[in-house]
Amino acid sequence: MAGINFKLIKNPLSKENPITVQVLGICSALAVTAKLQPAFVMALSVIVVVVFSNLIISLIRNTIPPRIRIIVQLVIVSLLVILVDQILKAFVYDVSKQLSVFVGLIITNCIVMGRLEAFAMNNKPFDSLLDGIGNGIGYAVILVTLGIIRELFGSGTLWGYNVIPQSFYDMGYQDNSLMIMPPMALILVGIIIWIQRARNKDLCEK
Amino acid sequence: MQEIINIFVKSIFVDNMIFAFFLGMCSYLAVSKTVKTSMGLGIAVVFVLLITVPLNYLIDNFLLKEGALAWISPKLASIDLSYLSFIVFIAVIAAMVQLVEMFIEKTSPVLYAQLGIFLPLIAVNCAILGASLFMQEREYNNIGEVIGFSLGSGLGWLLAIVGIAAIREKLRYSQIPAPLRGLGITFIITGLMAIAFMSFLGIKL
């Protein structure tokens, strides 16, 4: 092992961000971000699944017959997701209720399948582990950002605690309830993409 | 019967797969460049939903749920296999997509040529697994309601992807700031469409 290849962790955070650049895993990213806590739990679950599935697939990559690789990947990912789901139900039942079907949908989350296909199938286990960590964190960054913006402006709280002082409300400030509605998640992701591409011209589309 | 129609209309407009739950966004964004291809993918999604969701409903009710095995023998009534539902559902979906593909190839080569490339993609479309999981969570009463729900969700998805594809075809001639071109503007327009669909909230037949 010639040291850790930091590029594998650093690139997915900005230049190859799974959500804004590779356009993977949008489905779950938007639905769970109305509040910070579920967004954070979801991000954590995806990190766990993507890291371990990358590692496992990479370990057995030479023994998987290429024709049935998709189904092998699906089975391993589903097993990990079932584990995560049971753990969430046991320890943070309220959040698991809020996330409802979206924990199960990690199975078809394109980040997991995409990284397995693109990276873990032809790279060494340790590199795949790092790639999983990087992409998981890249996904988590966007999710948590969205969660913070939407909860702060939508309900005036963060992690369930009031952060906007009562005096603001007395002066006539109101929560923007559109923020916690689904459409705003889409528009916010659009704006995040806009800002990121404006700062990094290489990412612009023709 | 009225309940079924209610669920059907509700899952097209109010609980729209894309605008309310963001399911199937990946293929929604990737395949919505022209109306023709998005129509093909949309029809394939309707088709697969209509087969897999009722099938998963039967499996859930007769094999997985707590007490579901009681029809084999009363001794099995205490078994609860619902933790297996993710893996069973995804296996059913993958297998059914394969079967549907082979069936269409044999019976209707024209349809196969149109859907061909999209069918395998559908196995990992979140909308399909999502619909099965919603079906499980919302606890529909009978198979009629489940069929109404799956047809409605499929048509809702079709409506959304054809709509955005038509807008994107026109967008090609617009002056959009470079960083917003492509992905960014698609997101914002989808957001605006979702706001429009919010006007259906509260409809009850």
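This is a predicted model: local features need pLDDT of at least 70, side-chain atom pairs count only at pLDDT 80 or more; totals for chains, interfaces and linings use all residues.
**Interface of chain B and chain A**

The size of an interface is often given as the accessible area lost when the parts come together. Here chain B and chain A bury about 3400 Å² between them, with carbon and sulfur atoms accounting for 84% of that area. On the side of chain B, Phe22(B), Phe86(B) and Pro179(B) lose the most area to chain A, and together they make up 20% of what that side buries. The contacts involve 38 residues of chain B and 41 residues of chain A.

Four elements of chain B each give two or more residues to the side that touches chain A, namely α2 (25-30), α4 (85-107), α7 (126-138) and α9 (183-197). Of these, α9(B) gives the most, with nine residues. The composition of that side of chain B is tabulated below.

| Residue class, chain B side | Count |
|---|---|
| Nonpolar | 30 residues |
| Polar | six residues |
| Charged | two residues |

Within chain A, Ile64(A) lies in the loop between α3 (36-59) and α4 (69-91). Ile64(A) is classed as buried because its relative accessible area is 9%, under the 20% cut-off. Leaving aside residues up to four places away in sequence, Ile64(A) touches Ile57(A), Arg69(A), Val72(A) and Met121(A). Leu130(A) is 66 residues from Ile64(A) along the chain, and 22 Å separates their C-alpha atoms.

How values were computed. Residues are numbered from 1 along each chain as its sequence is written. Chains are lettered from A and ligands numbered from 1 in the order in which they are written. Side-chain values use heavy atoms; hydrogens and water are left out. Contact means heavy atoms within 4.5 Å. Buried area is the accessible area (1.4 Å probe) that two parts lose on being put together, summed over both. Ala, Val, Leu, Ile, Met, Phe, Trp, Tyr, Cys and Pro count as nonpolar, Asp, Glu, Lys and Arg as charged, and the others, Gly among them, as polar. Buried means under 20% relative accessible area, exposed over 50%, partly exposed in between (1.4 Å probe, protein chains only).
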